[in-house]
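The text below goes through one protein model for a reader who has not seen it before.

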Amino acid sequence: ILPFILVMSALTAWLWHIKILKLIVDAFSKVCQKLFNIGGPIGLGAAANVFVGQVEAPLLIRPYLSKLTNKELLILLTAGMSTVAGSIMVALVTILNGQFPDINLIQHLITASVISVPAAIIYSNIMMPSNAVTTFDESKLPKLYNSSMDAITKGTRDGLEICLNVAAILIAFIALVSLLNSLLGIFGNWIGITELSLQLILSYLFFPIVWLMGVPLSETLASAELLGLKTALNEFVAYGALANIEPGILSDRSKLITLYALCGFANFSSVGILVSGISAMAPERKNDLIKVSFKALVGATLASCMTGLVIGIF
């Protein structure tokens with residue numbers, strides 16, 4: 001799946017340079033600004049997450065990162081973790097095609113990401129209420145690319161970095177979680193609980209949320225386990241598990257709700273990626289980013305679950 005990320009990253013950068021993506025993002029940003037009374041920089045940064053990566057989106061508002069309030073930083077992190085970038089979507093479609101042969105997966109993943117942006121703003125406002133708004137001067141926005149070739153070249157380079165991050169984090173976190181699960185398994189045997197694992201613990205935390213999303217009680221635990229897997233590891237592993245789930249465990253409706261709820265980068269590794277990535281752009285905000293990072297993880301997880309609720313209703 002990694003070559004798809006490379007190609008889509010280059011294509012996304014080129015589409016941004018020729019202003020096709022920029023027009024879409026600007027329009028979505030203005031809608032968010034009007035609906036939620038947020039400033040232009042944070043509106044643009046949040047909306048861009050639908051198409052570009054969670055670390056690349058803040059680059060668009062780099063001149064404003066030092067001026068953003070803590071609530072606006074929370075919105076930026078929450079929106080980043082509650083969506084999936086365009087470059088990742090094609091890779092996810094490759095994984096899921098066998099499980100969802102009769103639907104347009106790209107359409108559903110884009111819809112999930114679009115719904116997640118206002119959901120992220122809502123949960124950020126709940127967690128950190130504030131009316132402070134950072135003003136916006138579009139003339140100060142940086143020009144990302146000098147030409148089409150520059151866009152394709154930089155997009156490919158950024159895609160390579162994403163590929164390396166995905167591969168490295170998969171190896172490291174799967175190994176660490178496996179080690180933790182081995183220790184939990186030993187402890188579980190001592191207290192009489194077989195198959196105790198981090199995913200199982202998280203699945204019981206997600207159980208009432210998944211039921212409230214509209215998944216029938218008989219299927220709730222299976223869906224909750226996938227959400228636990230996503231939070232403990234990442235969405236790639238969780239979608240891989242969904243793609244290989246045995247027939248009859250989840251109905252078509254429950255699978256679609258779960259597909260939406262899993263659509264996002266809300267996991268522990270993403271917190272580190274976001275904090276380190278944005279800190280490199282605005283080192284003076286590192287402590288503020290750390291302060292809001294756990295709230296962002298909770299808010300992004302709930303925002304993704306809200307998309308599952310919305311699709312369940314319709």
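A residue is called buried when its relative accessible area is under 20%, exposed when it is over 50%, and partly exposed in between, using a 1.4 Å probe and protein chains only. The model is predicted, so local features need pLDDT of at least 70 and side-chain atom pairs count only at pLDDT 80 or more, while totals for chains, interfaces and linings use all residues. Residues are numbered from 1 along each chain as its sequence is written, and side-chain values use heavy atoms, with hydrogens and water left out.

The interior comes first. A nonpolar core is a set of buried Ala, Val, Leu, Ile, Met, Phe, Trp, Tyr and Cys residues joined through side-chain atoms within 4.5 Å. The largest such core has 49 residues, and those that touch the most other members are Val25, Ile61, Leu65, Leu77, Met81, Val117 and Ile278. At least two residues each come from α1, α2, α3 (40-48), α5 (70-82), α7 (105-127), α13 (268-281) and α14 (286-313). Helices here are DSSP runs of H or I with at least four residues, numbered from the N terminus. The largest contribution to this core, 7 residues, is that of α5.

Two or more of the patch residues come from each of α1 (2-17), α2 (20-36) and α8. Ile24, in helix α2, counts as partly exposed because its relative accessibility is 42%.

Side chains of opposite charge can pair when their charged atoms come close. How many salt bridges does a search of the whole structure find? The count is 3, where a salt bridge is a side-chain nitrogen of Lys or Arg within 4 Å of a carboxyl oxygen of Asp or Glu. One joins Asp150 to Lys154, with the closest N and O atoms 3.4 Å apart. These two residues are 4 residues apart in helix α8 (residues 148-191), so about one helical turn separates them. Asp150 is buried at 18% relative accessibility, whereas Lys154 is partly exposed at 25%. Another links Lys255 and Asp252 at 3.8 Å, N to O. This pair lies 3 residues apart in helix α12 (residues 252-261), again about one helical turn. Lys255 is buried at 10%, but Asp252 is exposed at 62%. Arg285 and Asp288 also meet in a salt bridge, at 2.9 Å, N to O, and both residues are buried.

The structure holds 0 disulfides, a disulfide being a pair of cysteine sulfur atoms within 2.5 Å. For Cys32, the nearest cysteine sulfur is that of Cys263, 16 Å away; Cys32 is buried, with a relative accessible area of 2%. For Cys305, the nearest cysteine sulfur is likewise that of Cys263, 12 Å away, and Cys305 is buried at 4%.
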